[in-house]
Amino acid sequence: MRVHDDFVAVKVPATSANLGPGFDCMGLALDLWDEVSIHATTGPTSVVVEGEGAGNVELGEDNLVVRALRLALDSAGAPQVGVRMRCLNRIPHSRGLGSSASAIVAGVTLARALIGDPDVLGRQEILEMGSEMEGHPDNVAPAVFGGATVAWMNEETSEVGALRLSPPEAIAPVVFVPDFELRTATARAALPDTVAHVDARFNVARACALTAILSGHASGGADLHTQLMEATCDRLHQEPRRAAMKPSLALVDWLRGAGYAAVVSGAGPTVMSLEPVGADIRRDAAASGWRVLPLGVAASGVTITRGSLSKVEF
């Protein structure tokens with residue numbers, strides 16, 4: 001195996017995980033993209049970061065994109081290269097929008113692009129490698145496949161699977177990004193070790209309903225909005241984390257009280273409505289310090305934008 005191209009670039013979308021009831025298994029790709037390009041060189045590794053995370057992320061071999069690239073090149077049996085990398089980051093960091101998953105997926109896909117072989121490091125391999133690095137596939141899957149996803153890991157075999165769903169046009173996400181961060185480890189530490197059977201049953205039913213809605217196959221007596229409000233309810237992870245992100249849960253309460261299907265995005269603290277929100281809501285949230293971004297769903301996942309594979313579907 002050899003490196004075929006010496007300059008390649010990819011773009012990868014932001015993602016929102018959980019979507020209310022789908023804890024650690026459901027995700028949605030959002031129309032907000034990081035772009036990463038690299039020159040394969042013979043010199044030392046250098047990384048330039050613009051936008052989100054600039055001044056805070058590692059700029060050498062410890063950079064998450066570089067680490068994922070190295071792992072993927074080793075996995076494919078390709079030689080390591082010197083790296084001159086530029087990252088144009090639009091995905092906020094430590095906000096529950098999948099920035100780490102996107103960085104990992106970008107790195108593995110850059111390795112695919114450098115190798116330039118359409119049979120090496122396909123989307124399933126990127127999913128598996130990314131999930132291994134991330135620890136769970138809920139953000140990785142939508143970053144790889146786009147749309148909405150249901151993903152899982154077999155803890156005994158480490159096998160990873162994912163189903164891609166094509167949400168109807170009524171699913172038009174709006175995210176509310178706060179000016180404070182929340183580390184995923186902190187959010188996870190707030191979760192109880194066990195859950196009541198009745199709460200597990202509650203979430204399973206809503207997650208199944210949400211899957212039907214996101215696949216465009218929901219029907220029944222209620223209208224889609226009413227179904228979506230019920231299908232985004234959660235009893236497993238949002239309330240236990242209230243103390244760690246009180247403003248976020250207060251915003252979820254306010255939005256849902258106003259009739260919008262709002263959830264905590266991933267581990268938070270970003271909040272997401274799966275439906276468009278009114279101009280008055282956006283204005284009031286912005287006045288309270290939230291960055292309001294109507295994003296929509298990203299139909300595609302990670303894409304190679306420069307290199308010999310840029311025109312190859314995978």
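Colleague: What volume does the largest pocket have?

Modeller: In this predicted model, the largest pocket comes out at about 950 Å³.

Colleague: And which residues lie nearest its centre?

Modeller: Of the 46 residues that line the largest pocket, H93, S94, S99, S100 and R183 are the ones nearest its centre.

Colleague: Which element gives the most to that lining?

Modeller: That is α2, which contributes five residues to the lining of the largest pocket. Several elements each supply at least two lining residues, among them β1 (7–18), β2 (22–41), α1 (64–76) and α2 (99–115).

Colleague: How do the lining residues of the largest pocket divide by class?

Modeller: There are 16 nonpolar, 17 polar and 13 charged residues in the lining of the largest pocket.

Colleague: What about the second largest pocket, what lines it?

Modeller: The second largest pocket has a volume of about 160 Å³, and its lining consists of D24, C25, H136, P137, A151, W152, M153, N154, E155 and S158. By class, the lining of the second largest pocket holds five nonpolar, three polar and two charged residues.

Colleague: What caps its N-terminal end, and what follows the helix?

Modeller: The N-terminal end of α1 is capped by N63, with a side-chain oxygen 2.9 Å from the backbone nitrogen of V65. After α1 comes G77, which has a positive phi, near 75°.

Colleague: Which residues of α1 are buried, and what do they pack against?

Modeller: The buried residues of α1 are V65, V66, A68, L69, R70, A72, L73 and A76, and they pack against β2, β3 (46–51), β4, α2 and α3.

Colleague: One more, N18: buried or exposed?

Modeller: N18, which sits in strand β1, has 2% relative accessibility and therefore counts as buried, the cut-off being under 20%.

Colleague: What is N18 in contact with?

Modeller: Leaving aside neighbours within four places in sequence, N18 is in contact with F23, D24, M26, D138, H237, R241, G266 and A267. For D24, the backbone nitrogen lies 2.8 Å from a polar atom of the N18 side chain, and D24 is also one of the residues lining the second largest pocket.

Notes: Residues numbered from 1 in each chain as written. Predicted model: local features only at pLDDT ≥ 70, side-chain atom pairs only at ≥ 80, totals over all residues. Heavy atoms only, no water. 1 Å grid on protein atoms, 1.4 Å probe; cavity = no way out; pocket = protein on both sides within 12 Å on 5 of 7 lines; lining within 4 Å. Points joined across faces, edges and corners; volume = space filled by probe spheres on them. Helix = DSSP H or I, 4+ residues; strand = E, 2+ residues; numbered from the N terminus. Nonpolar A, V, L, I, M, F, W, Y, C, P; charged D, E, K, R; others polar. Buried < 20%, exposed > 50% of the residue type's maximum accessible area, 1.4 Å probe, protein only. Contact = heavy atoms within 4.5 Å. Polar contact = N/O pair within 3.5 Å; in protein donor to acceptor, adjacent residues only side chain to side chain.
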